[in-house]
Every structure is written in structure tokens, then in C-alpha cells.
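Open the model in your viewer and keep the sequence beside it. The tour goes from one residue to the whole chain and then to a second residue.

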Amino acid sequence: MIVTTTNNIEGKKVVKYLGIVSGEAIIGANFIKDFFASVRDIVGGRAGSYEEGLREAKNIAMAEMQDYAARLGANAILGVDLDYETMGSAGSMLMVSASGTAVIIEN
């Protein structure tokens, strides 16, 4: 399945629009990750555990969106948008959502 942030695919014609599809993932930030991230904030560097968690959540959200599109019979998703939101008390959880338009493109 072709997944793109653009509104079209060069050289391909959209045959049918099937509708908006989305996928979501919520990850919690545990105490250990918070502690090491705060240490890194003080001394500098990247918070690898958070980056890994974000990457995993993004992959889950994208996979759910693609599964939904496939169930509709789509062979592509156009205009994909990724959103990141904090949730819970003191922003203790992070939600990643992916959405786009499921379409059938000519082969």
C-alpha cells in the first residue's frame, strides 16, 4: 500500500475515494524514562527512550490506519497527517494519531 503525505501520487490517477481512515496509539511515560529524560535535559543530549516510544507509537498508529484502509479495499492513503498530543495528569501519556484519505489508484 502506498502511504503519502501528498494529495496525489505522480503518474497515478485516483479511481475512487473511500473515505477518511485513522489509527491511534497511546503510550505512557513511566518513572524511569522520566528520570533519565530529566537527567538528559540537564546535561544535554537526546532522550533515546522517549524517541523509541514515539517511534513505536507512530508505527502502531500508521499500521492501524493502513489496516483500516485495506479493509475498505484501498491500495493507497493520501494526505497522511500525524498528530502528537499529551494526555493524562501532568502529560503522563502521549497519543499519536495518523489519519488520511483511503483511495483506490489505477495500477
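Is Ser97 buried or exposed? This is a predicted model, and in it Ser97 has a relative accessible area of 15%. The cut-off for buried is under 20%, so Ser97 counts as buried.

Select residues 93–105 next. They form strand β4, and Ser97 lies in this strand. Now show what surrounds the residue. Once neighbours within four places in sequence are left aside, Ser97 is in contact with Gly23, Glu24, Ala61, Asp81, Leu82 and Asp83.

Select the whole protein chain and colour it by secondary structure. The chain has 2 helices and 4 strands. Followed from the N terminus, its elements come in the order β-β-α-α-β-β.

The chain has 107 residues, of which 24% count as buried. Consider also the contacts between residues at least 6 apart in sequence: 77% of these join residues at least 24 apart.

The last stop is Thr4. Select the loop between β1 (2–3) and β2 (14–28), where Thr4 lies. Thr4 has 18% relative accessibility, so this loop residue counts as buried. Which residues does Thr4 contact, leaving aside its neighbours within four places in sequence? Select Ile9, Ile77, Leu78, Gly79 and Val80 to show them.

Methods
Residues are numbered from 1 along each chain as its sequence is written. This is a predicted model: local features need pLDDT of at least 70, side-chain atom pairs count only at pLDDT 80 or more; totals for chains, interfaces and linings use all residues. Side-chain values use heavy atoms; hydrogens and water are left out. Buried means under 20% relative accessible area, exposed over 50%, partly exposed in between (1.4 Å probe, protein chains only). Contact means heavy atoms within 4.5 Å.
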